[in-house]
Amino acid sequence: MSSGVISSDSISFRYRLVTLLLVVVVAGMSQGLLLPLLSIMLEDAGVSPDMNGMNSAAMYIGIFCTMFFIERPVVRFGYKKVILAGIALVTLASILFPFTHSLAVWFVLRLLVGVGDSALHFATQLWIVSSSPAHARGKYISLYGMSYGVGFSIGPLGINLLPLGRAVPFLVPSLFFITVLLLVLRMKNELPERAAKGAAKENRFVTTYRAAWFVLIPGLLYGLMEASMNSSFPLYGLRIELSQHWISLLLLAFGIGGLILQLPLGIWSDRIGRKPVLIGCGVIGSLAFFAIPAAGSSVALLFVLFAIAGGVVGSFFSLGLAYAADILPKSILPAANVIASIHFSIGSILGPTLGGLGMRYVSDNSIFLFLSAGFLAFALLGFGFHPKGKAGARESA
């Protein structure tokens, strides 16, 4: 009888995990496609790089704004309902893109995509972390990151569907979203643990910043890097006369690098500590981004540099979450997730905007120099961060 219950619980957990990972794959695919696809379409329409970048930032403005209220509906309605609402919103907004050329309408649609993405990512991320056994948390967070990486890597390939029709690249990910929506409908809804009564939300955030400021920076850098590469790099690639085909493959190489190293870096961080792995990845990523302008239009060299950069910084967000789980009490872990997501949104808003302005007023190479400086600064800050407690002792060892 007991083994039957355990077996049933195990099957339920596995189905939920696989379904949530599939949701993350499709969400990553959609996001990985929309950013470069819309940037290229606006570039072809003659829109300036700075206006293009500002329009791209709309998605992340939606993500940013959503993080200020998403915790409440998740607590009230449960993970499943919020995920379903997020999927529906992203799908409906995506289908509408090819039916208009209006920058204003695209801005609104991107905002809606950002809101939907933020809702489903926050709910899936928190559901996976909160339901995972402590001894396997790093493993499951790595799987979450890998799933997003798979989707995000595949996404840019949808650019090659443009010759089949303006609407085709938008319809394909929408069909995938409908498929995972049907899988989510079969799941049992669950509610997250409520914070202890009397614990003020402001105090949780202040406590999180005080105890884990360094842990929260990876979300900012990951958002900055991801949005910059997918919104500004296609413009950079066109300006150095790369074809759309090569642009999509280079973005794929960036994603594949992160996919290959996601699990090894997670396991390595379990063994030697999160901080040294994050610092090392920051230094290597900084050097790789700095070298990209020197590669010129050499596709082979760019491919190698993109794979290296994507490999070492593609795990930043998931490693940051794992580090947060190591050093923070479980009661304020949701607050850390909210802050990390807000930081991701801020970085994602700044990425396309600074990239577009830099390309117009400074240099086409400014995006890579900016990213290089950001990751190097993060690595240097790491030497001044000394977490307290059991995890902190392990990190300092």
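A salt bridge is a side-chain nitrogen of Lys or Arg within 4 Å of a carboxyl oxygen of Asp or Glu. By this rule, the count for the structure shown above, which is a predicted model, comes to one salt bridge. The partners are E190 and R16, and their closest N and O atoms are 3.2 Å apart. The pair links distant parts of the chain, since 174 residues separate the two positions. R16 belongs to helix α1, which covers residues 2-44, whereas E190 sits in the loop between α7 (168-185) and α8.

The surroundings of the two partners may be considered next. R16 has a relative accessible area of 11%, and because buried means under 20%, R16 is buried. E190 has a relative accessible area of 30%; this value lies between the limits of 20% and 50%, so E190 is partly exposed.

How many cavities of 30 Å³ or more does a search of the whole structure find? The search finds five. The largest cavity holds about 430 Å³ of space, and 29 residues line it. Those that lie nearest its centre are Y148, Y222, E226, F317 and F344.

At least two residues each come from α5 (103-131), α6 (137-154), α8 (201-231), α10 (244-272), α13 (316-327) and α14 (333-361). Of these helices, α6 gives the most to the lining of the largest cavity, namely six residues.

Is N337 buried or exposed? Its relative accessibility is 2%, and it therefore counts as buried, the cut-off being under 20%. When residues up to four places away in sequence are not counted, N337 touches F122, Q125, L126 and L321.

Finally, the confidence of the prediction deserves attention. The chain averages a pLDDT of 82, and 91% of the residues score at least 70. Over residues 1-6, however, the pLDDT is below 50, and this stretch has zero contacts in the model beyond near neighbours in sequence. Residues 389-397 also have a pLDDT below 50, but this stretch has 14 contacts beyond near neighbours in sequence.

How values were computed. Residues numbered from 1 in each chain as written. Predicted model: local features only at pLDDT ≥ 70, side-chain atom pairs only at ≥ 80, totals over all residues. Heavy atoms only, no water. 1 Å grid on protein atoms, 1.4 Å probe; cavity = no way out; pocket = protein on both sides within 12 Å on 5 of 7 lines; lining within 4 Å. Points joined across faces, edges and corners; volume = space filled by probe spheres on them. Helix = DSSP H or I, 4+ residues; strand = E, 2+ residues; numbered from the N terminus. Buried < 20%, exposed > 50% of the residue type's maximum accessible area, 1.4 Å probe, protein only. pLDDT = per-residue confidence, 0-100. Contact = heavy atoms within 4.5 Å.
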